[in-house]
Amino acid sequence: MYKKAVAISSALLLSACSTMTSNEAAMQNHSKVEQSDILQVNESALQHHHWVLTQIDGKPLTVNEHFNAPTLEVGEKMAANGSAGCNNFFGQSELDGNNFRIEQIGATMKMCPDDVMLTEMLYLKSLAQWNQLTLTANEMQLKNAEHTLTFTLKDWVN
């Protein structure tokens, strides 16, 4: 009887270690879908789109009720502009393979609540650094040594 109990306990323990919860399996499948949806990064893939920041470091962005989420647009000759949450910004974006940054960022200088300004400073600092860029049909991710910014495509509609 004791041997049977040990054998059953061992089997359950080993199976528990090797099985995934349904949530873990869904996350793994979601990652596979994202990998297959990755687009080639080039200037034309970035230009003429309206991107809205939705996550910072994998956490959903919290937006103050009187403000909008930061945005990014890349236009002709890789000119970049958008909203940093409080202030508007502009600069010259660069693409080197899958690496992206915005040089010479200029911005308006309005004062906003502390939480909005903290997000804005993190956002603009991250855009100014070289970021590894991953692009899908509906999502863009910029990842540097400090932060990961995730954007959702929200192109303007006529």
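**Ground rules.** I am working with a predicted model, in which local features need pLDDT of at least 70 and side-chain atom pairs count only at pLDDT 80 or more, while totals for chains, interfaces and linings use all residues. I number residues from 1 along each chain as its sequence is written, and side-chain values use heavy atoms, with hydrogens and water left out.

**Strands.** I took helices (H or I, at least four residues) and strands (E, at least two) as DSSP runs numbered from the N terminus, and I called two strands paired if DSSP finds at least two bridges between them. I found strand β1 (residues 50–56) running antiparallel to strand β3 (residues 71–74), with three bridges joining them. Here H50 sits opposite E73 of β3. I then followed β3 to strand β4 (residues 79–83), and this pair is also antiparallel, over two bridges. E73 stands opposite N81 in β4. The hairpin of β3 and β4 has four residues between the strands, and K77 there takes a positive phi near 55°.

Next I looked up the second largest pocket, with a volume of about 200 Å³. A pocket here is an open set of points on a 1 Å grid over the protein atoms alone, where a 1.4 Å probe fits, with protein on both sides within 12 Å along at least five of seven lines; lining residues have an atom within 4 Å of a point. The volume is the space filled by probe spheres set on the points. I counted 15 lining residues, and the closest to the centre are L61, T62, V63, D115 and T119. Helix α4 (114–128) and strand β2 (59–60) each supply at least two lining residues, and the largest share, three residues, comes from α4.

Which element holds T150? I found T150 in strand β9 (residues 148–153). Beyond its neighbours within four places in sequence, T150 is in contact (heavy atoms within 4.5 Å) with V52, L53, T54, Q55, E139, M140 and Q141.

L46 is in helix α3 (residues 43–46) and is buried too, at 1% relative accessibility. Leaving out residues up to four places away in sequence, I noted that L46 touches W51, V74, M78, L95, F100, L133, L135 and M140. L46 and V74 are 28 residues apart in sequence, yet 6.2 Å apart in space, C-alpha to C-alpha.

Terms used
Buried means under 20% relative accessible area, exposed over 50%, partly exposed in between (1.4 Å probe, protein chains only).
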